[in-house]
Amino acid sequence: MKLYYAPGACSVGIHIILEEIGKPYELSLVALKEQAQTKPEYMAVNPKSKVPALDLGDGSRALTEFPAIAMYLGAANPEAGLLPKDPLGQARALEALDYITGTVHPHAFTRQFRPNVYSLREEDYPKVVEQAQANAAKFFGLVEKIWAGDTWILPQGYSVADAALFFVEYWHVRRVGQTLPPKLDAHLKAMLARPAVKRALEQEGLAA
Ligand SMILES: N[C@@H](CCC(=O)N[C@@H](CS)C(=O)NCC(=O)O)C(=O)O
């Protein structure tokens, strides 16, 4: 298996899941800063020009979209215990993955980091960023309010959803310099204490 990733991108969540599973895998760097995601070599792997993408090594096309990759890795490696066993627990994991990757990631963070994606007018960028920061506060506030777990987001325990929550928390605190509500702040700290998270961050050259 080979993970296509960029240091510090959302792909770090899948990197963490692979480290938690502990089976051999390869990493392949996609230099987003150099627009490598738009070059023919990577477009042949993922025509959507995004990371993460996971080459399963079976000759099929690479698996894309964070929730799909996370659910696959959780289900294909039951011994790692990264996905609840019951259907409702699995649906709760997908519910969290979808909110984090489909709402929080684009509308709180892509808007902040790349306002040009959301407006053609440069003079609008500060407003786009301001709106994204307000979204971040609102989205994290909501996750805090509906938190049903203890240390981890699901009451069933640690899961692939925690690895997704980690990357947006990490961006908010370490990249933007903002603070998190108490349960999410404790979650970020608990994630940073996990050996798999430490290894993934170290391999990507990021501060633990
Ligand atoms: N829907 C995709 C989004 C992935 C995504 O936006 N990845 C960003 C990095 S965090 C990316 O590859 N950006 C490159 C680009 O948009 O050109 C998923 O959930 O996997």
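Glutamate 65 sits in the loop between strand E4 (63-64) and helix H3 (66-76); helices here are DSSP runs of H or I with at least four residues, strands are E runs of at least two, and both are numbered from the N terminus. Its phi is positive, about 80°, although glutamate 65 is not a glycine. At 44% relative accessibility, glutamate 65 counts as partly exposed, where buried means under 20% relative accessible area, exposed over 50% and partly exposed in between (1.4 Å probe, protein chains only). Bear in mind that this is a predicted model: local features need pLDDT of at least 70, side-chain atom pairs count only at pLDDT 80 or more, and totals for chains, interfaces and linings use all residues. Residues are numbered from 1 along each chain as its sequence is written, and side-chain values use heavy atoms, leaving out hydrogens and water.

Glutamine 35 also has a positive phi, near 60°, in a residue other than glycine. You'll find glutamine 35 in the loop between strand E2 (26-29) and H2, and its 40% relative accessibility makes it partly exposed. Most residues other than glycine have a negative phi, and most peptide bonds are trans. Proline 52 lies in the loop between H2 and E3.

Serine 49 is in the loop between H2 and strand E3 (53-55), and at 18% relative accessibility it counts as buried. Leaving aside residues up to four places away in sequence, serine 49 touches Gln37, Thr38, Tyr42 and Met43, with contact meaning heavy atoms within 4.5 Å.

Now for the rings. The whole structure holds 10 aromatic pairs, counting rings of Phe, Tyr and Trp (its six-membered ring) with centres within 6.5 Å; planes under 30 degrees apart are stacked, over 60 edge-to-face and the rest tilted. Here are two of the pairs:

| Pair | Centre distance | Plane angle | Type |
|---|---|---|---|
| Tyrosine 4 and tyrosine 42 | 5.5 Å | 55° | tilted |
| Phenylalanine 109 and phenylalanine 113 | 5.9 Å | 40° | tilted |

The tyrosine pair links distant parts of the chain, with tyrosine 4 in strand E1 (residues 2-5) and tyrosine 42 in helix H2 (residues 40-43), 38 residues apart. Tyrosine 4 is buried at 10% relative accessible area, and tyrosine 42 is buried at 6%.

Phenylalanine 109 and phenylalanine 113 both belong to helix H4 (residues 87-113), 4 residues apart, about one turn of the helix. An α-helix has 3.6 residues a turn, so residues three or four places apart point the same way. Phenylalanine 109 is buried, with 0% relative accessible area, while phenylalanine 113 is partly exposed at 28%. Ring pairs also link Phe66, Phe109, Phe113, Phe140, Phe167 and Trp171 into a cluster.

Over in helix H7 (residues 182-192), the buried residues are Leu184, His187, Leu188, Ala190, Met191 and Leu192. Their cover includes helix H5 (125-146), helix H6 (160-175) and helix H8 (195-203).

Stepping back, the chain has 8 helices and 4 strands, in the order β-α-β-α-β-β-α-α-α-α-α-α. Buried residues make up 47% of its 208 residues. Among contacts between residues at least 6 apart in sequence, 62% join residues at least 24 apart. The C-alpha atoms fill a box of roughly 50 × 45 × 30 Å along the principal axes.
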